Amino acid sequence: GSYKIFVDGVVQMSGGEFETIETTQIGNCSPTSAPTVGSNSSACASDESMVRVELLTDYFGSETTWELKNGDDVLLQDGPFVDFFRRRYTKEMCVPKFVCLSMTIVDTYGDGICCSEGSGSYKIFVDGVEQKSGGEFESSETTQIGDCDSNGCASDESMVRVQLLTDYRGSETTWELKSRDNILLQDGPFPNFIFQLYTKEI
């Protein structure tokens, strides 16, 4: 079994390997804490975010390109890369906080960048927080990041979704989502002897 927590479609936490209980904080839980290690968001203006794309090539880098766009405008792009040499490439820039970006990675051979020709991968970060990682695709993969929400929430709200895939002992499992002491969502226990995916959102 496993579980995932999403905020506006972005995975914030996934797991399943624990003993009796596991608690995860998501959202603005530590407003006075220091910035995430590795984040260069301080280099951006207060109304901007730092977007960083990291790519680890497979052995056929010449097949790989990527671009980051705001609508039809290309903000960042890279590739093709060198062959027979796995190497990590990084590009970053400041973008407005409330903007919807799309990142498209292309492999001209059509076998992605993982895993038959070396374990290549890519990651997208916003202000040091990983938004997407991948590598297993065919010819191309496109990911939206930022303020792209169309889930029916108000402009000052976020959609939180919890997905749980039970194990064979679902009757032993419950979960709850709280804001301070207020329970917002909860579910379980679940039926035994069946793998089933349960979803709740608010």
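Predicted model: local features only at pLDDT ≥ 70, side-chain atom pairs only at ≥ 80, totals over all residues.
How many aromatic pairs does the count come to? The count comes to four aromatic pairs, where rings of Phe, Tyr and Trp (its six-membered ring) pair if their centres lie within 6.5 Å.

1. Residues are numbered from 1 along each chain as its sequence is written, and side-chain values use heavy atoms, with hydrogens and water left out.

2. The protein chain has zero helices and 14 strands; helices (H or I, at least four residues) and strands (E, at least two) are DSSP runs, numbered from the N terminus. Of its 202 residues, 30% count as buried, meaning under 20% relative accessible area, with exposed over 50% and partly exposed in between (1.4 Å probe, protein chains only).

3. Four strands make an open antiparallel sheet in the order E5-E4-E7-E10; two strands pair if DSSP finds at least two bridges between them. Strands E5 (73-78) and E10 (140-146) are at the edges with a single partner strand each, so one side of each has no neighbour in the sheet. Within the sheet, six bridges join E4 (residues 64-70) to E7 (residues 100-107), and Leu 68 stands opposite Met 103 in E7.

4. Tyr 168 and Phe 195 form a tilted aromatic pair, 4.4 Å centre to centre with 45° between the planes; planes under 30 degrees apart count as stacked, over 60 as edge-to-face and the rest as tilted. Tyr 168 lies in the loop between strands E11 (160-165) and E12 (175-179), and Phe 195 in the loop between E13 (182-187) and E14 (197-201), so the pair ties together parts 27 residues apart in sequence. Tyr 168 is partly exposed, at 47% relative accessible area, and Phe 195 is partly exposed, at 47%.

5. Phe 190 and Tyr 198 form a tilted pair, with 4.5 Å centre to centre and 45° between the planes. Both of these residues, Phe 190 and Tyr 198, are buried.

6. Val 51, found in strand E3 (residues 48-56), is buried, with a relative accessible area of 1%. Leaving aside neighbours within four places in sequence, Val 51 has contacts (heavy atoms within 4.5 Å) that include Leu 68, Val 95, Phe 125 and Ile 145. Val 51 and Val 95 are 44 residues apart in sequence and 7.0 Å apart in space, C-alpha to C-alpha.
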